[in-house]
Amino acid sequence: MEIGLKYQSRVVVSEDNTALKLGSGDMAVFATPAMIALMENAAMNAVAEHLDAGATTVGTMMKSSHIKASAVGATITAEAELVAVEGRRLCFVVKAWDEKGTIGEGEHERFIVDRERFLSKL
């Protein structure tokens, strides 16, 4: 696994990913849980092609800020960059922005797991 791997994920803010719809707030603006999910998606995809067959990653920690609201219709981009690899532990710097600038940033951690073994423990 190579330090510096990056990926960007995008979504358009719709009624379905607002704080009002997701229950994390009472206004029709891009929800914090939706931003977190987009950041996680970027991190997952940054390393997906570099995993052994049968392996995947699971999110284990997210530390982030959500510093600016985004309106319905805005395009949100989240980027994850792999900054550390410690065995199966992967550490990312994540950020998100819309057309007007940064809306959030933080740190995210994922672990490499064997998909079948992981699911068998549920």
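Q: What makes the link between the side chains of E79 and Q8 a polar contact?
A: In this predicted model, the side chains of E79 and Q8 are joined at 2.9 Å, and a polar contact calls for a pair of N or O atoms within 3.5 Å, so the pair counts as a polar contact.

Q: Why is E79 called buried?
A: The relative accessibility of E79 is 11%, and buried means under 20%, so E79 is counted as buried. E79 has its place in strand β3, and, leaving out residues up to four places away in sequence, it touches K6, Y7, Q8, A42, V93, V94, K95 and W97.

Q: How do you know that A78 is buried?
A: A78 has a relative accessible area of 0%, and the limit for buried is under 20%, so A78 belongs to the buried residues. A78 is found in strand β3, which covers residues 75-86.

Q: Which residues does A78 touch, not counting those up to four places away in sequence?
A: A78 touches Y7, Q8, S9, L38, M39, A42, K95 and A96, each of these contacts resting on heavy atoms within 4.5 Å. The C-alpha atoms of A78 and V94 are separated by 7.1 Å, although the two residues lie 16 residues apart along the chain.

Q: Why is H108 called buried?
A: The relative accessible area of H108 is 2%, whereas buried means under 20%, so H108 is classed as buried. H108 sits in strand β5, made up of residues 101-114, and, apart from neighbours within four places in sequence, it is in contact with E40, A43, G59, M61, M62, L90, C91, F92 and V94.

Q: What makes the approach between the side chains of H108 and R110 a polar contact?
A: The distance given for the side chains of H108 and R110 is 3.1 Å, and the cut-off for a polar contact is within 3.5 Å, so the term applies to this pair. A polar atom of the H108 side chain also lies 2.8 Å from the backbone oxygen of M61.

Q: How do you know whether A34 is buried or exposed?
A: A34 has 14% relative accessibility, and buried means under 20% while exposed means over 50%, so A34 counts as buried. A34 is found in helix α2, residues 32-47, and its contacts, with neighbours within four places in sequence left aside, are N17 and L22. The C-alpha atoms of A34 and A19, which are 15 residues apart along the chain, are separated by 8.4 Å.

Q: What elements make up the protein chain, and in which order do they run?
A: The protein chain has three helices and five strands, and from the N terminus on they follow the order β-α-α-β-β-β-β-α.

Q: Why is the protein chain called as compact as a globular protein of that length?
A: The radius of gyration of the protein chain is 15 Å, which is close to the 14 Å that the globule rule gives for 122 residues, so the chain is described as being as compact as a globular protein of that length. Taken along the principal axes, its C-alpha atoms fill a box of roughly 40 × 30 × 20 Å, and 36% of the 122 residues count as buried.

Q: How many of the contacts between residues at least 6 apart in sequence join residues at least 24 apart?
A: In the protein chain, 65% of those contacts join residues at least 24 apart.

Key:
Residues numbered from 1 in each chain as written. Predicted model: local features only at pLDDT ≥ 70, side-chain atom pairs only at ≥ 80, totals over all residues. Heavy atoms only, no water. Helix = DSSP H or I, 4+ residues; strand = E, 2+ residues; numbered from the N terminus. Buried < 20%, exposed > 50% of the residue type's maximum accessible area, 1.4 Å probe, protein only. Polar contact = N/O pair within 3.5 Å; in protein donor to acceptor, adjacent residues only side chain to side chain. Rg over C-alpha atoms; globule rule 2.2 N^0.38 Å.
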